[in-house]
Amino acid sequence: MAGEDELKLLGMWASPFVLRARLALSFKGLRYEYVEEKIFGNKSELLLKSNPVHKKVPVLIHNGKPICESRIIVQYIDEVYGAARPSLLPADPYHRVVARFWAAYIDDKLFSSFMMMIMGKTEEEKAEGRKQLFAAVGTLEGALKECSKGKPFFGGDSVGFVDIALGGFVAWVLARDRLSGLKHFDADRSPLLAAWLERFSSLDETKAVMPDVEKLVELSKRRQAQADAAAAAVQGNRSG
């Protein structure tokens, strides 16, 4: 079926949500056309047409039909290409909803606290974000223990839906480790997640699509400099 289909992914190289889609395609062994979007400039007509509601990446276009939102894209890929490699979602309905719960938790708690830690307007807000992030990591440590049942991944013996959901953030976690000097998946506090991070990062399917961590570090530095300059300009205008 994959050989007959046309798959196109609209993305931005540094987006963890785009990486999710790319990971799902990689672990399924699917070929696709990747289109880099300028999401901070003039968005393409194809993107605006394909995702008129949110106007965001990723968008997977399958035989001309657009699918939006990273978690939905991953589930769609798994359903349509169920025969391609192991399934990402469990066959059992209960285990399937548990996987969806933890994938949503990653977005609702881990990502939101990660962004607060990076983008907080004050040092106190950033510290609160860091505190919430480590709390979320602790909760995910317990989830990994429960879901994996001693096996290598959230999905058991093979990479599953939650692994893909969390895997989208791996490159940014490593980038923040380098910028802050902290280990966000620390072997002392969260040994299972620390081992999972190394294991997942070393897979060929992961390495094939993972963005360069050094480029993410440089991007983060540029964005921080821009944010600092904007804040200084605002402060200067108030003082004037």
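Me: Let's start with Lys149. Is that residue buried or exposed?
Reply: Lys149 counts as exposed, because its relative accessibility is 61% and the cut-off for exposed is over 50%. Keep in mind that this is a predicted model.

Me: OK, and where does Lys149 sit?
Reply: You'll find Lys149 in the loop between helix H5 (123-148) and helix H6 (161-167).

Me: What's up with the phi of Lys149?
Reply: That phi is positive, near 50°, and Lys149 is a residue other than glycine.

Me: Which loop holds Glu69, and what is its phi?
Reply: Glu69 is in the loop between strand S4 (65-68) and H3. Its phi is positive too, about 75°, although Glu69 is not a glycine.

Me: What does Gly155 touch, if I skip its neighbours within four places in sequence?
Reply: In that case Gly155 is in contact with Gly160 and Asp163.

Me: And how far is Gly155 from Gly120?
Reply: Their C-alpha atoms are separated by 33 Å, and the two glycines are 35 residues apart along the chain.

Me: Then how do H1 and H3 cross?
Reply: Helix H1 (residues 16-27) and helix H3 (residues 70-80) have axes that come within 9 Å and cross at roughly 5°. H1 and H3 are therefore roughly parallel to each other, since angles under 35 degrees count that way.

Me: Which residues make that contact?
Reply: H1 brings Phe17, Arg20, Ala21, Ala24 and Leu25, while H3 brings Ser70, Arg71, Ile73, Val74 and Ile77. By class, the contact of H1 with H3 has seven nonpolar, one polar and two charged residues.

Me: Which residues of H3 are buried?
Reply: In H3, the buried ones are Ser70, Ile73, Val74, Gln75, Ile77 and Asp78. The buried residues of H3 pack against H1, S3, S4, H4 and H6.

Me: What about H4 and H7?
Reply: Helix H4 (residues 93-119) packs with helix H7 (residues 170-180) at an angle of about 35°, and their axes are 13 Å apart. H4 passes H7 in a left-handed crossing.

Me: Who meets whom there?
Reply: From H4 you get Phe114, Met117 and Ile118, and they meet Trp172, Val173 and Arg176 in H7. That contact divides into five nonpolar, no polar and one charged.

Me: Which H7 residues are buried, and what follows the helix?
Reply: Buried residues in H7 include Trp172, Val173 and Arg176, along with Val170, Ala171, Ala175 and Asp177. H7 is followed by Gly181, which has a positive phi near 80°.

Me: Where's the cis peptide bond?
Reply: The cis bond joins Val57 and Pro58, with omega about 5°. Pro58 sits in the loop between helix H2 (45-50) and strand S3 (59-62).

Me: Last topic: how many disulfides?
Reply: Zero, from a search of the whole structure. As for cysteines, Cys68 counts as buried at 19% relative accessibility, and Cys147 counts as partly exposed at 23%. The line between those labels is 20% relative accessible area.

Key:
Residues are numbered from 1 along each chain as its sequence is written. This is a predicted model: local features need pLDDT of at least 70, side-chain atom pairs count only at pLDDT 80 or more; totals for chains, interfaces and linings use all residues. Side-chain values use heavy atoms; hydrogens and water are left out. A disulfide is a pair of cysteine sulfur atoms within 2.5 Å. Buried means under 20% relative accessible area, exposed over 50%, partly exposed in between (1.4 Å probe, protein chains only). Axes are lines fitted to C-alpha atoms, for helices over the stretch in contact, and angles run from 0 to 180 degrees between N-to-C directions. Helices (H or I, at least four residues) and strands (E, at least two) are DSSP runs, numbered from the N terminus. Angles under 35 degrees count as roughly parallel, over 145 as roughly antiparallel, 65 to 115 as roughly perpendicular and the rest as oblique. Contact means heavy atoms within 4.5 Å. Ala, Val, Leu, Ile, Met, Phe, Trp, Tyr, Cys and Pro count as nonpolar, Asp, Glu, Lys and Arg as charged, and the others, Gly among them, as polar. A crossing is left-handed if the near helix is turned anticlockwise from the far one by less than a right angle, and right-handed if clockwise.
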